[in-house]
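The structure comes first, then the details by region.

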Amino acid sequence: MKTIALYDEDAFAKDFTAKVISCDEAIIDDQKLYKVVLDKSLFFPEQGGQTSDIGHLDDHQVVDVQIEGDTVYHYCKGGFLIGEEVHGVIDWNHRFSNMQQHTGEHIFTGLAHNEYGAENVGFHLSDNTATLDLNIEFSEDMVEHIERRANEIIAADVAIKAYYPKQELLGAIAYRSKKEIDGPVRLVEIEGVDLCACCAPHVKSTGQVGMLKVVSHEKYKGGTRIYILCGLRALDDYNRRMKLLAKAYRTLSCKEDEVPDKIISLMDEGKQLKYRINDIKSGILMNQIESYPSEVSDITIFSEDLDAKLMRDGVNALVEKHDGLCCIFSGNDEEGYNFVIGSKTRDCAAIAAGMRELLGAKGGGSKQMAQGSVAATRNEIERTM
């Protein structure tokens with residue numbers, strides 16, 4: 001049965017009355033829901049890369065809406081009798097946010113197409129993210145240019161209209177579309193900016209988008225993936241970022257524009273401190289190594305917070321003085337140990353293999369030296385070695 005799509009007729013309508021055609025139980029992600037078909041619906045179903053509307057049918061929450069063929073299915077937390085009349089109310093904040101994002105995507109991709117010949121090959125709009133995929137690589141300057149132009153279009157408050165042109169006229173209209181469409185084609189037009197085939201609700205004019213902000217972009221499948229936020233989502237994201245920035249400059253005791261230089265300075269200080277600490281650790285380890293009598297054959301050292309290079313240097317120093325198995329383990333019983341083992345007379349690769357079999361260790365190496373990690377206690381390691 002074809003569901004009359006009220007969202008096509010008026011994207012700004014918030015409620016409607018309809019008759020229940022069918023209602024069946026459905027288990028979705030271990031949750032009992034009711035799959036409801038109405039004779040008409042204002043709920044936009046998931047399609048075209050956009051998640052569905054949500055809201056209520058009478059007192060029952062609508063958590064998802066899908067479309068199969070021409071039939072719209074409402075997944076509700078409660079059921080209804082066939083023939084019953086129900087009152088539907090969409091979540092307007094959710095709907096309007098989606099319209100802002102989707103219209104912003106049309107503005108950005110329309111401009112990218114007009115100015116750079118880019119084709120929109122992908123779009124995804126969820127409750128958190130709006131991404132659009134373009135088939136060419138965009139530089140930072142290109143992205144900033146389109147973002148600026150998009151916001152100029154928004155400020156100009158250009159009218160937006162959605163319509164179904166006559167089928168016989170469709171071939172003469174130059175419009176964008178990500179795929180071939182069978183049957184009637186719904187066009188969304190932003191005069192002078194974009195003409196695109198699209199099934200989703202949109203705002204009435206570009207001014208209602210509020211603003212468009214590119215939050216990031218990256219190379220993707222030979223082209224570019226753009227992450228955008230529009231309207232109130234962009235405002236929320238701006239406020240979140242400003243709170244983080246304010247917290248950062250208060251914590252760093254500096255002015256807002258001094259934050260990057262302050263962070264770089266602290267990172268440099270941290271690196272220098274790390275070098276000094278490593279030198280101290282190296283001195284302590286080498287003093288400990290020197291303290292072992294050369295006639296002792298096997299040496300095993302347990303320590304904490306030694307990096308791999310220092311452990312290898314330590315084992316090499318041990319092997320020069322001692323003929324047996326020389327081992328350094330760094331870590332603790334709770335988190336496990338990293339290890340390096342070396343010897344002039346023992347097969348270290350075979351010993352590492354034994355640790356893998358007996359203790360579930362990871363790693364390996366050569367006959368002269370092996371390294372890896374093991375999730376075991378010191379006592380378990382000592383009994384195995």
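## Asn-98 in helix α2

Asn-98 sits in helix α2, which covers residues 92-116. Helices (H or I, at least four residues) and strands (E, at least two) are DSSP runs, numbered from the N terminus. The model is predicted: local features need pLDDT of at least 70, side-chain atom pairs count only at pLDDT 80 or more, and totals for chains, interfaces and linings use all residues. Residues are numbered from 1 along each chain as its sequence is written, and side-chain values use heavy atoms, with hydrogens and water left out.

Asn-98 has 1% relative accessibility and therefore counts as buried. Buried means under 20% relative accessible area, exposed over 50%, and partly exposed in between (1.4 Å probe, protein chains only). The Asn-98 side chain makes a polar contact with the side chain of Arg-233, at 3.2 Å. A polar contact is a pair of N or O atoms within 3.5 Å; within protein, one must be able to donate a hydrogen and the other to accept it, and residues adjacent in sequence count only if both atoms are side-chain atoms. Neighbours within four places in sequence aside, Asn-98 is in contact with Gln-50, Thr-51, Ser-52, Leu-125, Ser-126 and Arg-233. Contact means heavy atoms within 4.5 Å.

## α2 against α5

Two packed helices are described by the angle between their axes and the distance between the axes. For α2 and α5, the angle is about 90° and the axes are 7 Å apart. Axes are lines fitted to C-alpha atoms, for helices over the stretch in contact, and angles run from 0 to 180 degrees between N-to-C directions. The two helices, α2 and α5, are therefore roughly perpendicular to each other. Angles under 35 degrees count as roughly parallel, over 145 as roughly antiparallel, 65 to 115 as roughly perpendicular and the rest as oblique.

From α2, the contact uses Ser-97, Asn-98, Gln-100 and Gln-101; from α5, it uses Gly-231, Leu-232 and Arg-233. By class, the α2 contact with α5 has 1 nonpolar, 5 polar and 1 charged residues. Ala, Val, Leu, Ile, Met, Phe, Trp, Tyr, Cys and Pro count as nonpolar, Asp, Glu, Lys and Arg as charged, and the others, Gly among them, as polar.

## α2 against α3

What angle do the axes of α2 and α3 make? They cross at roughly 120° and come within 9 Å, with helix α3 spanning residues 140-156. That makes α2 oblique to α3. The crossing of α2 and α3 is right-handed. A crossing is left-handed if the near helix is turned anticlockwise from the far one by less than a right angle, and right-handed if clockwise.

On the α2 side, the contact is made by Ile-107, Phe-108, Leu-111, Ala-112, Glu-115 and Tyr-116. The α3 residues include Met-142, Val-143, Ile-146, Ala-150, Ile-153 and Ile-154. The contact of α2 with α3 divides into 11 nonpolar, 1 polar and 3 charged residues.

## α6 against α7

Helix α6 (residues 259-290) and helix α7 (residues 308-321) have axes that come within 10 Å and cross at roughly 20°. Helices α6 and α7 are therefore roughly parallel to each other. The crossing of α6 past α7 is right-handed.

The α6 side of the contact has Asn-278, Lys-281, Ser-282, Leu-285, Met-286, Ile-289 and Glu-290. The α7 side has Leu-310, Asp-313, Gly-314, Ala-317, Leu-318 and Lys-321. The contact of α6 with α7 holds 6 nonpolar, 3 polar and 4 charged residues.

## Two buried strand residues

Cys-326 is in strand β17 (residues 326-332). At 0% relative accessibility, Cys-326 counts as buried. Residues up to four places away in sequence aside, Cys-326 touches Ile-299, Val-315, Leu-318, Val-319, Val-340, Ile-341 and Gly-342.

Val-86 lies in strand β8 (residues 85-90). Val-86 is buried, with a relative accessible area of 2%. Val-86 and Lys-19 are 67 residues apart in sequence, yet their C-alpha atoms are 6.2 Å apart. Beyond four places in sequence, contacts of Val-86 include Phe-16, Leu-38, Leu-57, Asp-58 and Phe-80.

## Positive phi in two loops

Most residues other than glycine have a negative phi. Asp-58 has a positive phi, near 50°. Asp-58 lies in the loop between β5 (55-57) and β6 (60-68). At 33% relative accessibility, Asp-58 counts as partly exposed.

Ser-253 also has a positive phi, near 55°. Ser-253 is found in the loop between α5 (231-251) and α6. Is Ser-253 buried or exposed? At 65% relative accessibility, Ser-253 counts as exposed.
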